[in-house]
Amino acid sequence: MGRIAVAVIVSSWIIPISILVNRFVPDPYMDEIFHVPQAQQYCKGNFTSWDPMITTPPGFVLVYEIITQLRPALDERKATIYAVVLALYPLHWFFTFLYYTDVASLAAVLAMYLGCLKRNYILSALLGSLAVFIRQTNIIWVLFVASSGVIDYSPVRKNNPQLHVSDLSIRKDKQLASNGGNTGVSKLRKRRPGKAVDNISHSTQRSSTSAKCSSGFIEEIQDTFLTAWLLKWELLVSFSPFFLVLVAFVAFVCWNGSIVLGAKEAHAVSPHFAQLLYFSLVSTLFVAPFQFTLPYAPVVVQSFRKSRLRSCFQWFIALMVGFLSVHFFSVAHPYLLADNRHYTFYIWRKVINAHWSTKYLLVPFYVYSWFSIVSILAKAQKKVWVLAYFLACAAVLIPTPLIEFRYYTIPFFFLILNSHTDDYKSWLLMGILYIAVNIFTMFMFLSRPFSWNHESGIQRFIW
């Protein structure tokens, strides 16, 4: 099992289903009516042609590689199964068979993330520029990947790790000496060099462990910024390629006058805070087997009991923010209200807008979903990393007025890849859930076509 096994297993359904879809739907469908002719123009060598309805430029073995990179202790069989299950994720799986930018966008972002995990920052930034070229909002994920690289940046060199660690400690002592006297330097001088390095190595290990387990959030932010400041020149050199991508993107927005190329009126930025809540609930439902496992429930209850007053305060604030977001910042885009081909059309009418009170009754579920996401990520990542992830999700989703579940694909993959959940049965149940959803959506797409009175042609249900 491994890379080849993942490729073979995924190909076993990709190839026959692609043939089936092309047989049932031989003509371009939905956004394909814009993308396919555009690609045909490029194939003819006509690179000056552009359809104004296209909003973005043209554009799972990666999943397996990222899993093994993030979790080197995980055995090959489990890594293979996890990668195959994630390849079945319904939003990604469905659009694999249509000519959309989502699949290429996810692949580019994951490749960028893998490059950063392997500390090949130049290649990672190049892949990030490709991701932005495919979909402009991926600039947020470029910044997030760069930030995660800075957070996890290790100053230890392969050839002489002790030298570099002691180097860092001396710089820290100098920093402390400049702020509060020469105590740190004098203590360092009194120690024997070997002992100093050993103590620093142990303290580094302890701080790394405490950052994941018990250290306070403020202290962790302070440590991160202090380390970043002490290593500022190394970080500046290492992560300068990401900065160049950001500069190029800002130049593009200034030249274009907007983040999108075409259909700018339909994709105007709006404060859609409720979008962030929809994402949390949808993502939590797609990892439902993890939510209802026996080991998970006691952890949530125990964390609430440990600091009941603080937990109640956090829930109160989160609920208030949720209610305000739903009341003042819920956006009903004209595309959402008019296009009954999308499942979101029916979710909006039959669930969210079924009654005036329904959207408020859903707020506790949104809040629980975010608490669940944060608790899952906090078990495997630093708190400052979780904060960066939340801010990235907010920056991508809040300005987006249209409710489209496929916009949640990239943040969902970052969530699940960094969750480090090892419950084998939950992964299998999640795979079964994905297969059931995929069978239903593909059956509806292929076997339940319908017609519009105001427009000719066959219409089909789609995410």
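Phe144 counts as buried, with a relative accessibility of 2%; buried here means under 20% relative accessible area, exposed means over 50%, and partly exposed lies in between (1.4 Å probe, protein chains only). Trp141 is likewise buried, at 2% relative accessibility. Both residues belong to helix 8, three residues apart, about one turn of the helix. Residues three or four places apart in an α-helix point the same way, because such a helix has 3.6 residues a turn.

The model is predicted: local features need pLDDT of at least 70 and side-chain atom pairs count only at pLDDT 80 or more, while totals for chains, interfaces and linings use all residues. Residues are numbered from 1 along each chain as its sequence is written, and side-chain values use heavy atoms, with hydrogens and water left out.

**Aromatic pairs**

Rings of Phe, Tyr and Trp (its six-membered ring) are paired if their centres lie within 6.5 Å; planes under 30 degrees apart count as stacked, over 60 as edge-to-face and the rest as tilted. The count by this rule is 40 aromatic pairs. One of them joins Trp141 and Phe144, whose ring centres are 5.7 Å apart with planes at 90°, so the pair is edge-to-face. Phe144 is buried, at 2% relative accessibility. Another edge-to-face pair is formed by Phe290 and Trp427, with 5.5 Å from centre to centre and 70° between the planes. This pair links distant parts of the chain, with Phe290 in helix 16 (residues 288-291) and Trp427 in helix 25 (residues 424-447), 137 residues apart. Phe290 is buried at 3% relative accessibility, and Trp427 is buried at 3% as well.

Helices (H or I, at least four residues) and strands (E, at least two) are DSSP runs, numbered from the N terminus. The expected span of a helix is 1.5 Å times one less than its number of residues. For the 13 residues of helix 8 this gives 18 Å, in agreement with the 18 Å between its end C-alpha atoms. The buried residues of helix 8 include Ile139, Val142, Val145 and Ile151. Its buried residues pack against helix 6, helix 7, helix 12 (217-230), helix 14 (240-256), helix 23 (383-397) and helix 24 (409-417), where contact means heavy atoms within 4.5 Å.

**Salt bridges**

A salt bridge is a side-chain nitrogen of Lys or Arg within 4 Å of a carboxyl oxygen of Asp or Glu.

| Glu65 | Lys118 | 3.9 Å |

Asp339 and Arg341 are both buried. Salt bridges that share partners join Asp102, Arg135, Glu404 and Arg406 into one network. Asp102 and Arg135 are also both buried. In the bridge of Glu65 with Lys118, Glu65 lies in helix 3 (residues 61-70) and Lys118 in the loop between helix 6 (102-117) and helix 7 (121-134), so the pair ties together parts that are 53 residues apart in sequence. Glu65 is buried at 12% relative accessibility, whereas Lys118 is partly exposed at 46%.
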